[in-house]
Amino acid sequence: MRALLPWLLICATLSSCAPAGDGGVVSEGRRWFGSLTPPVGQVFRFNLGTEPELRDPGVMGGQPDGRFARMVFEGLTVNDARTLEPLPGQARAWTISPDGLVYTFHMRPGLVWSDGTPLTAHDFVWSWRRVLAPETAARNASLLYPIRGAEAFNKGESDGSDLGLAAPDDSTFVVTLGHPTAYFLFLTTYYVFMPVPRHVIERHGVRWTLPANLVGNGAFRWTFWRQNDRYEFVPSPTYWDRAHVRLERVIAYTVDDLNTSSNLYKSGATDWNPSGYIPSPWLAYMKPYADYRTDRYQGTYFYSFNTTRAPFDDVRVRRALMLAVDRETIARDLLKGSREPWGRITPAGYPGYEGPPQVGYDPERARALLAQAGYPEGRGFPRVSLLFNTSEDHRRIAEAIQAMWKRDLGITVELSNQEWGSYLQATQALRYDIARRSWIGDYLDPNTFLQMLMGGDGNNRTGWSDPRYDALLREAARTLEPAQRLRMLAEAEALALDAAVFLPIYHYSTTELVKPWVRGLHPTVLDVHPLRHVWIDHDWRRNLEARP
Amino acid sequence: MIAFILRRVLLMVPTLLVIATLTFVMMRLAPGGPFMSDKEMPARAKQELMQRYGLDRPLHEQYLAFLGNAVRLEFGPSYKYPDREVRDIIVQGFVVSAELGGWAMLVALVFGVPFGVLAAVRQNRPEDFAIMTLALAGVSVPAFVLGPVLVLVFALTLTWFPAALWTGPESRVLPVLALSVAYIAYIARLTRAGMLEVLQQDYIRTARAKGLRERAVVLGHALQLGVLPVVSYLGPAAARILMGSIVIEQIFAVPGLGRYLVIGAINRDYTLVLGVVLFYATFLMVLNLLVDLAYQRLDPRVELA
């Protein structure tokens, strides 16, 4: 037994570093990760991840919460399963006025809530107004700000009587915007824009989101809940497109441990291990498996400088540090190719958006800039620290960059890790020198990233502001012509990149595991997946053969 | 006896007050608050929430309000899961943790005590060495190593048991095993030590001298006093094991109570943390009281003072 102990330890260490067990199951010429026994019938099982905090689409904020909302509720529009382009949802059609300000939505006839109560355009007026009402304290209320009068009402500066929302009759919903917003239709797919049942909320108050009370209008009905364990759903019989929902049951586990989540997938207990739930040390080993899918995700990982503190109030210092980061090496060696090196603030994939050229690795120029700023070969550079929230991945990247700065610039940077709450407070209060940050877009437009750097924006957290930048963004918001608007945004991004406020490092990817029998689940840049199109293909072996 | 119990229960009150106060102060000293997030929440919304939960009131008022609520066992809604009362969360988690812990405790006693007795009776012989080596290994291997190894061997390779989740009876096996191994080992060591001491006592020699069979000496006379160290260990062990091990709950996705302590602290979910801490403290003290009562029954020399 004494001899067995070190063996056990090695075994355990290995199991935490690499996917455990065999080399995978080979079927139809492909290698699959773990069990190949499909569920019985049309049952879809996946890991929802961290327990959702809120089940009220109007006030919620996180991704697991959003996944719940997209099953149980439905907005005016829904996302295409591949492109995420807005398609008719509760609205069957819409018209947009030539000035881009008035959206008229025509509701589907005969819409009802899952308890049979009719659902009309008035429900949308009430729900959107509720999100904006200050006492609702909805954390994503600002997504509704394009609507006329919305911002003032939400900030408590008006009573909301001039809000651009109207329902001239039960089946027509008219939205008037304050200024044209190119991505408004896309916004209406978002959970904050989903209707909520007034009759239930007025009766149960905050407890309307408990399983016994909740009433929705989406493709699925919520039937079971055990906190930190699972959610269960069945198709909603009152849903307008019930005929096309093929799943009979959906089980969404709430497992927040990445190893456990991937083990469950491997053992065949789940059919889908969504993005973010593969432990990062496993990623390098997952590529050979046919169930591993990776694609670009709308997010970037970067460092931000506190521009209110010396020496980072000097743009030359910020630029020097930005140019002395070898992103290729980090992505290739450290992240094993699971992330793409990235030298820009906005991610890729916005239709028609041509962002500024990416910053690269140029140690020569970096040294020259640092010398100009008064620190030749790093001499006299003050002690600064690099803050990150506690995580093994953040630490490894920080150590690599620390070493690069030491090697190329001769400066010493201390690493400082803090637990999540302390880290958030430090960045919000500008009590840091350099901080790790990341941002995930809310909608498919560069604005969802660039907005952050507006002077005074709560997510800026750098102390930097530039009136030219703010003016460009404001002007772009008022511009109707799409190409011209995107050019302005690119100009703004170039300006921010030149000011080196954010130091981009990598582009996020989605990395997920999908069993071969799952159909209708596609990778998307927002990692949003409409589950009503999903079904289980019990004939998957034959169908797989038929495909190239 | 009644007076003893009454006095102990009364003594719990100041202890709980101190624990509650310390937890309250430490939670408030931690940077951040329950409504912080990666994406900035609008100032108006934050203000609204602070008001809703009374967090805008002076700290001493909040403290008094919290104490008042605690006395009525009303901790209010969790900040993170606002549609749920802290009390409901505790009850739901405890039912699961108690089941997991109860099984683990049972397994630990059923295996630990006999192993310990056997090792003591066969002191310095191969059986003793084998058991004590195993026990040493059992105590030394932490749950976060043992858990993944069990999953690797029994769930992913042999596929005898589920890899995680709290579903049918088969899902109990691995977490119970992972949780109980350290306790089996520790209980075996305690039993052995207790038995060795007792076996040298005069009354055991008397028992042997009057011609009792060794089996009757060990099980009939020695065991009762030999397990005393185990009994005194049982209180804190039961509290720890019944509250569920946070690590085991994490590895096996068991929806128990232990993780709320961690999640609550990370999220600065003040009401949830205070509720769970007070529940745990009370539970621990009640168990210790039960241990003292059991002690007195087993060892006639012990008097309840």
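Predicted model: local features only at pLDDT ≥ 70, side-chain atom pairs only at ≥ 80, totals over all residues.
1. Chain B is helical in its secondary structure, with 13 helices and zero strands. Read from one end of the sequence to the other, the pattern is α-α-α-α-α-α-α-α-α-α-α-α-α.

2. The C-alpha trace of chain B spans about 85 × 55 × 30 Å along its principal axes. Of the 305 residues in this chain, 39% are buried. Taking contacts in chain B between residues at least 6 apart in sequence, 74% join residues at least 24 apart.

3. The interface involves 47 residues of chain A, which are in contact with 44 residues of chain B. On the chain A side, the elements that give two or more residues are α1 (4–17), α7 (258–266) and α13 (420–428) of chain A. The largest share, seven residues, comes from α1(A).

4. By residue class, the side of chain A that touches chain B divides into 19 nonpolar, 18 polar and 10 charged residues.

5. The largest nonpolar core has 133 residues. The residues with the most contacts inside this core are A:L144, B:A104, B:Y183, B:I187, B:A188 and B:I241. Helix α7 of chain B, residues 173–199, gives the most to the core, with 14 residues. As general background, nonpolar side chains tend to be buried together in soluble globular proteins.

6. What is B:I241 in contact with, leaving aside its neighbours within four places in sequence? The partners are B:G101, B:A104, B:M105, B:L179 and B:Y183. Two of these partners, B:A104 and B:Y183, are also listed, like B:I241 itself, among the residues with the most contacts inside the largest core.

7. In chain A, strand β6 (residues 91–96) and strand β7 (residues 102–107) pair in the antiparallel sense over five bridges. Within this pairing, A:T95 stands opposite A:T104 in β7(A).

8. β6(A) and β7(A) form a hairpin, with five residues between the two strands. A:G100, in the turn, has a positive phi of about 75°.

Notes. Residues numbered from 1 in each chain as written. Chains lettered and ligands numbered in written order. Contact = placed C-beta atoms within 7 Å. Helix = DSSP H or I, 4+ residues; strand = E, 2+ residues; numbered from the N terminus. Nonpolar A, V, L, I, M, F, W, Y, C, P; charged D, E, K, R; others polar. Buried ≥ 20, exposed ≤ 12 C-beta atoms within 10 Å, placed from the backbone. Pairing = 2+ DSSP bridges. Core = buried A, V, L, I, M, F, W, Y, C linked by C-beta atoms within 7 Å.
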